[in-house]
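Colleague: I would like to learn how to read the packing in a model like the one below. Could you take me through it step by step?

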Amino acid sequence: MTGARSAGGRAAVRRFAVALSVAALLGAGACGSGDRSGSPSNTPSVTGSASATPDPSGAEAAKSVLDKGIVNMESLGEGDGGLRKQFGNTLASVPEDVLSVSFAFTCTGGAEVALAFRLGGKEVASAAGTHVCDGSTIFQRSIETAGADPLGFSAVATSAGSGGYAYAFYSEKKQLP
């Protein structure tokens, strides 16, 4: 019986991996109104998709958690929106002097969200994880970067009822001049 459970578990993991890959592809859409970044000359652009009908209260609550929980870090790009089944975003390029980026994410509404990351088109398996949308905690990962490659995340939520999300990419370590 253990072998049957292991085979079923491997199949479930494969299905989950395929779902995350599909989410990554779907997350490369146009910017939504909730996505923000600085001016193109000062801050790398952030592209991706946000909810077509964002829940302003859920997104605002999630953004507030990030604003209070992450201080004294240089933002490279950020966004928020209404929680959907699948969403994601990409930081078009990491500044060349940035050696690592800290990604922070939070959400409201009670869903569980599986997060996956890609740097320069390659999966960063060590950064993947899940987060429960309780509106009070922050999922945070440090991702080593080597150059100006695009850094993106994709998310798959267990449900997309009410609730919102917020995320930000922060400069963590910089190369000394």
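**Reading the core, a strand and a disulfide**

Modeller: Bear in mind that this is a predicted model. Let us begin with a single side chain and its surroundings: leaving aside its neighbours within four places in sequence, Phe153 is in contact with Phe87, Gly88, Asn89, Phe103, Leu115, Ala116, Phe117, Tyr167 and Phe169.

Colleague: Which residues touch the most other members of the largest nonpolar core?

Modeller: Such a core is read as a set of buried nonpolar residues joined through side-chain atoms within 4.5 Å. Here the largest one has 27 residues, and those touching the most other members are Phe105, Val113, Phe117, Phe153 and Phe169. Two or more residues come from each of strand 4 (86–91), strand 5 (98–107), strand 6 (112–119), strand 9 (139–144), strand 10 (151–157) and strand 11 (164–174), and strand 5 gives the most, with five residues. There is also a second, separate core of seven residues, including Ala62, Leu66, Ala104 and Ala166.

Colleague: Why is strand 10 described as largely enclosed by the rest of the structure?

Modeller: The cut-off matters here, since a residue is called buried when its relative accessible area is under 20%. In strand 10, seven of the seven residues are buried, so the strand is largely enclosed by the rest of the structure. Leu151, Phe153, Ala155 and Ala157 point one way from this strand, whereas Gly152, Ser154 and Val156 point the other way, and all are buried.

Colleague: In which sense do strand 4 and strand 6 pair with strand 10?

Modeller: Pairing is read from the bridges between two strands. Strand 4 pairs with strand 10 in the antiparallel sense over six bridges, and Asn89 stands opposite Phe153 of strand 10. Strand 6 also pairs with strand 10 in the antiparallel sense, over seven bridges, with Ala116 standing opposite Ser154.

Colleague: Which cysteines does the disulfide join, and are they buried or exposed?

Modeller: The structure holds one disulfide, which joins Cys107 to Cys133 with an S to S distance of 2.0 Å. This pair links distant parts of the chain, with Cys107 in strand 5 and Cys133 in the loop between strand 8 (129–132) and strand 9, 26 residues apart. Cys107 is buried, with a relative accessible area of 0%, and Cys133 is buried as well, at 2%.

Colleague: Why is the disulfide called left-handed?

Modeller: The torsion about the S-S bond of Cys107 and Cys133 is about -85 degrees, and therefore the disulfide is left-handed.

Note on methods. Residues are numbered from 1 along each chain as its sequence is written. This is a predicted model: local features need pLDDT of at least 70, side-chain atom pairs count only at pLDDT 80 or more; totals for chains, interfaces and linings use all residues. Side-chain values use heavy atoms; hydrogens and water are left out. Buried means under 20% relative accessible area, exposed over 50%, partly exposed in between (1.4 Å probe, protein chains only). Helices (H or I, at least four residues) and strands (E, at least two) are DSSP runs, numbered from the N terminus. Contact means heavy atoms within 4.5 Å. A disulfide is a pair of cysteine sulfur atoms within 2.5 Å.
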